[in-house]
Amino acid sequence: MIAHLELSSNMNLVDIKNNIIKFVESGENVDQVIDIITSNLNHDQKINLVEMFEEDMLNQINNATNLLNVRIHGSLNSILKSRLFVYPEPDTTYQQDLYNEKLENDTYTSEDFHEQIFYHSKSPLSIKIEKWQKDTHDGLGGLVAMQNDSVQKRNLMIYSFSDKLANCINKNNIDVGIYVNNLDEQIKKLSSECDILSGLHLREISYFKNILIWDAITTEKNLQVSSEESFGAYKISCKLQWDVSNNKIHPCAGSVQIDECENLSVLPRSYFPIFMTSFDDVNNLETNIKLLYNKLHDIREDSEISY
């Protein structure tokens, strides 16, 4: 059991990494494993541990037998979706931040401009994608690097929200994180089963109102891909809200909604609601997500339908 594991102060990072993999592969919850084994690590050590796991991921990609297997799977995929991986690439590099400061202070020179354009124009994520492309067969690691960064952005949203929620409702933050994480996985799975081209993904958090918002931008007709000109015709969403005054881990209310774009040729696009229904029992989540996609299907079949 995890409780019998020697604390990380007596282990190096390689030992910690190997123990995390061992316990996750034995069926232990990945977030509980991460919480216990990394409890004594500082920020920099956790970053180094993430990088060590990323090396394992690169090896997994290079060992793929065909293109269909080029993905992170097994225990590494569970670890990728855990509270350890909450370090997405920043928007700018340190050097770019210095240039931005110079612009604000009116000290930006023509030499700075030349250096920024030719030597420091790439974002941290672009740099990482290029590295993973070079370090993997056929350059497919670049796509995985981009996907991994999206996962880490999602993780950061989920665990920052759940930690704040846990503090407000006097619950264990690991338990709350596991619960919210499972909710997110449930919504993604249900929505993708309803429409694989328009699955819902966590996009927004309202910390003030304790709301999580999943949404998807989709096309005008059923079975159209995102490259179609009508992409963006509809936006679908699912919202869950928590009442921190009742000290309960589950949300107190939810809603699903369809919004229609006023004019696809005008940017930024403006949407108005054409369907919305609410529910007060999270056990009705599946029913309402299926209702959302049934209504979307009907509206796509006949745009004159009004609810």
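Mentor: What follows goes from the whole chain to single sites; keep in mind that the model is predicted.

Trainee: Fine. How many helices and strands are in the chain?

Mentor: The chain has 10 helices and five strands. Its C-alpha atoms fill a box of roughly 65 × 60 × 50 Å along the principal axes.

Trainee: And how much of it counts as buried?

Mentor: Of the 307 residues, 40% count as buried. The chain exposes about 17000 Å², with carbon and sulfur atoms supplying 49% of that area.

Trainee: What share of the contacts comes from residues 24 or more positions apart?

Mentor: They account for 60% of the contacts with a separation of 6 or more.

Trainee: Salt bridges next. How many does the structure hold?

Mentor: There are 17 salt bridges. One of them pairs Arg83 with Asp163, with the closest N and O atoms 3.2 Å apart. That pair links distant parts of the chain, since Arg83 sits in the loop between H4 and H5 and Asp163 in helix H8 (residues 141-169), 80 residues apart.

Trainee: Are those two buried or exposed?

Mentor: Arg83 counts as buried at 16% relative accessibility, while Asp163 is partly exposed at 28%.

Trainee: What about Lys122, which residue does its side chain meet in a salt bridge?

Mentor: Glu130, at 2.9 Å from N to O. Lys122 is partly exposed, with 42% relative accessibility, and Glu130 is partly exposed too, with 29%.

Trainee: Where do Glu193 and Lys189 lie?

Mentor: Both are in helix H9 (residues 173-194), four residues apart, which is about one turn of the helix. Elsewhere, salt bridges that share partners join Lys81, Arg154, Asp184, Glu185 and Lys188 into one network.

Trainee: Stay with Lys81. Where does it lie?

Mentor: Lys81 is in the loop between helix H4 (75-80) and helix H5 (94-104). It counts as partly exposed, at 27% relative accessibility.

Trainee: Which residues does Lys81 touch, leaving out those up to four places away in sequence?

Mentor: Val151, Arg154, Asn155, Tyr159, Asn181 and Glu185. As for Asn155, it is 74 residues from Lys81 in sequence, yet the two C-alpha atoms are 6.5 Å apart in space.

Trainee: And Ser82, buried or exposed?

Mentor: Ser82 counts as buried, with 0% relative accessibility. Like Lys81, it is found in the loop between H4 and H5. Leaving aside neighbours within four places in sequence, Ser82 is in contact with Val30, Asp31, Ile34, Asn155 and Tyr159. Asn155 and Tyr159 are also touched by Lys81.

Trainee: Last one, Thr218. Where is its place?

Mentor: Thr218 is in strand E2 (residues 211-218). It is buried, with a relative accessible area of 2%.

Trainee: Which side chain does the side chain of Thr218 join in a polar contact?

Mentor: That of Ser198, at 2.8 Å. Not counting residues up to four places away in sequence, Thr218 touches Ser198, Ser230, Phe231, Gly232, Ala233, Tyr234, Leu296 and Arg300.

Trainee: Thanks, that covers my list.

Technical notes. Residues are numbered from 1 along each chain as its sequence is written. This is a predicted model: local features need pLDDT of at least 70, side-chain atom pairs count only at pLDDT 80 or more; totals for chains, interfaces and linings use all residues. Side-chain values use heavy atoms; hydrogens and water are left out. Helices (H or I, at least four residues) and strands (E, at least two) are DSSP runs, numbered from the N terminus. Buried means under 20% relative accessible area, exposed over 50%, partly exposed in between (1.4 Å probe, protein chains only). A polar contact is a pair of N or O atoms within 3.5 Å; within protein, one must be able to donate a hydrogen and the other to accept it, and residues adjacent in sequence count only if both atoms are side-chain atoms. Contact means heavy atoms within 4.5 Å. Accessible areas come from the Shrake-Rupley method with a 1.4 Å probe; for residues, only the protein chains shown count as cover. A salt bridge is a side-chain nitrogen of Lys or Arg within 4 Å of a carboxyl oxygen of Asp or Glu.
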